Amino acid sequence: MSHLDYSVERVPTGWRKILYLNWPLVFLVTAVSCIGFLMLYSVSGGDIDRWAMPQMERFAAGMVIMIALAFVPTWFWRSISVGFYAVCLLLLVLVEVMGHVGMGAQRWLVIGPIRIQPSELTKIAFVMTLAAYYDWLPVEKVSRPLWVLIPVVLILAPTALVLMQPDLGTSVMLIAGGGIVMFAAGVSLWYFAAVIAIVVGLVTAVMESRGTDWQLLHDYQFKRIDTFLDPGSDPLGAGYNIMQAQIALGSGGWSGRGFMQGTQSRLNFLPEKHTDFIFTSLAEEFGFVGAASLLALYVLILGFCLYSALTNKDRFASLMTIGIAGTFFLYFAINMATVMGMLPAKGSPLPLVSYGGTSLMILLMGFGILQSAHVHRPR
């Protein structure tokens with residue numbers, strides 16, 4: 001499946017490549033983004049210039065980049081993957097040295113008028129690197145301990161740097177995204193079972209240590225756990241955000257209050273209503289039907305990505321596509337789980353809907369690389 005001879009296989013050339021784009025994916029991405037524009041217009045109180053127009057301009061630029069990247073041959077991504085990964089590691093180190101601090105975290109680099117978040121780039125870079133690694137590695141060596149250790153190091157290196165920012169949400173996404181690629185590459189399930197057992201053991205040890213001489217967390221950290229499990233225990237403090245989000249989710253009912261009629265967002269009870277908690281605004285205005293429809297669009301995007309991966313004969317392209325699709329899944333799954341109180345509240349945007357420059361552009365760039373794998377797959 002790997003290293004196919006493209007001089008023999010039928011691969012589209014020139015402008016014919018536009019015909020081979022994954023057009024359903026293009027239309028679905030555009031549809032979800034349009035929902036985002038409407039919601040940004042709504043939560044701004046009808047001010048299109050505040051959030052909606054800048055987001056539309058970024059989306060237009062991102063779509064041009066996506067189409068342009070689709071024309072790039074897959075071999076190019078394979079050849080630059082390690083270098084791209086190394087550059088991202090360097091940028092993460094620079095964040096620690098000279099990064100811009102915002103909302104209590106040091107996650108951004110400011111270069112002139114450009115403000116970038118290297119951890120977002122890393123989500124794409126290390127997926128490409130892992131795909132290139134498993135494309136190079138013979139299948140019979142995939143589950144041997146030494147060859148499993150190498151990708152683990154490739155995953156943990158950027159994860160450690162991101163944790164220092166601190167950014168627990170992105171760190172979890174990096175580990176989970178890397179695990180998805182390793183699983184797709186055929187790594188033995190026993191390794192995943194061992195990791196799950198270790199995590200369960202650590203969580204149990206932490207909870208059992210409370211109130212003992214060997215307590216593993218500080219009291220304030222245990223208080224955060226208590227607030228996550230029962231937001232009502234601190235309704236005006238740490239539990240405020242999730243309680244307001246749950247009120248908005250519940251008040252939408254089956255069909256919602258109507259476009260621009262959400263009281264939680266219009267009266268500014270919802271925190272970060274244009275970024276992390278925009279899903280709750282949508283659920284309040286369009287109810288269960290609107291929320292389920294958005295989720296269905298996300299699932300369709302995921303389905304077309306996985307279909308492209310499973311029908312691709314190039315092992316690198318297939319694994320890279322699965323990795324990018326998995327990262328996209330983690331984006332919306334973590335955001336939705338967070339605003340519904342199923343995960344601790346950590347900054348995580350809703351893909352293609354939340355207001356933001358870096359996350360939107362990086363996501364569209366990822367879809368462009370995915371389109372490149374789809375367009376140039378051997379036929």
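Q: UniProt positions are given in the numbering used here, and its annotations may be inferred rather than shown by experiment. At which residues does UniProt place the feature "transmembrane region"?
A: The model is predicted. The feature comes from an unreviewed UniProt entry. The record places "transmembrane region" at residues 20-44, 56-76, 82-101, 145-163, 175-207, 286-307, 319-340 and 352-370.

Q: How far apart are the end C-alpha atoms of residues 286-307?
A: UniProt lists 286-307 as one of its "transmembrane region" spans. In the model this span is 100% helix and 0% strand. Its end C-alpha atoms are separated by 30 Å.

Q: What percentage of residues 319-340 is helix?
A: This is another of the spans in the UniProt record. From one end C-alpha to the other is 31 Å.

Q: Which residues are in contact with Ile301, leaving aside its neighbours within four places in sequence?
A: Contact here means heavy atoms within 4.5 Å. The partners of Ile301 are Leu25, Leu28, Val29, Val32, Phe328, Leu352 and Phe367.

Q: Is Leu352 buried or exposed?
A: Leu352 sits in the loop between α12 and α13. It is not a glycine, yet its phi is positive, at about 70 degrees. Buried means under 20% relative accessible area. Leu352 has 4% relative accessibility, so it counts as buried.

Q: What is the relative accessible area of Met260?
A: Met260 also has a positive phi, near 65 degrees, and is a residue other than glycine. Its place is the loop between α9 (240-251) and α10 (263-266). The cut-off for buried is under 20%. Met260 is buried because its relative accessible area is 17%.

Q: How many residues apart in sequence are the parts tied together by the pair of Trp254 and Phe288?
A: The structure holds 16 aromatic pairs. Trp254 and Phe288 form a stacked one, with 5.2 Å centre to centre and 25 degrees between the planes. Trp254 lies in the loop between α9 and α10 and Phe288 in helix α11 (residues 278-310), so the pair ties together parts whose separation in sequence is 34 residues.

Q: Is Trp254 buried or exposed?
A: The cut-off for exposed is over 50% relative accessible area. Trp254 has 61% relative accessibility, so it counts as exposed.
The value passes the cut-off, and the class for Trp254 is exposed.

Q: What is the angle between the planes of Tyr298 and Phe332?
A: Tyr298 is in helix α11 and Phe332 in helix α12, 34 residues apart. Tyr298 counts as buried at 0% relative accessibility. Phe332 is buried too, at 4%. Their rings are stacked at 4.7 Å centre to centre, with the planes at an angle of 5 degrees.

Q: Which residues do ring pairs link into a cluster with Tyr298?
A: Rings pair if their centres lie within 6.5 Å. Tyr298 pairs with Phe332. Ring pairs build a cluster in which Tyr298 is joined by Phe328, Phe329, Phe332 and Phe367.

Q: How many disulfides does the count come to?
A: A disulfide needs two cysteine sulfur atoms within 2.5 Å. The cysteine sulfur nearest to that of Cys305 belongs to Cys34, 18 Å away. Cys305 is buried at 1% relative accessibility, and Cys88 is likewise buried at 1%. The disulfide count comes to zero.

Q: Which residue's side chain is joined to that of His376 by a polar contact?
A: His376 lies in the segment after α13 (358-375). At 5% relative accessibility, it counts as buried. Its side chain reaches the backbone oxygen of Val72 at 3.4 Å. The polar contact between side chains is 3.0 Å, and the partner is Lys17.

Q: How far apart in space are His376 and Asn312, C-alpha to C-alpha?
A: In sequence, 64 residues separate His376 and Asn312. In space, their C-alpha atoms are separated by 9.4 Å.

Note on methods. Residues are numbered from 1 along each chain as its sequence is written. This is a predicted model: local features need pLDDT of at least 70, side-chain atom pairs count only at pLDDT 80 or more; totals for chains, interfaces and linings use all residues. Side-chain values use heavy atoms; hydrogens and water are left out. Helices (H or I, at least four residues) and strands (E, at least two) are DSSP runs, numbered from the N terminus. Buried means under 20% relative accessible area, exposed over 50%, partly exposed in between (1.4 Å probe, protein chains only). A polar contact is a pair of N or O atoms within 3.5 Å; within protein, one must be able to donate a hydrogen and the other to accept it, and residues adjacent in sequence count only if both atoms are side-chain atoms. Rings of Phe, Tyr and Trp (its six-membered ring) pair if their centres lie within 6.5 Å; planes under 30 degrees apart count as stacked, over 60 as edge-to-face and the rest as tilted.
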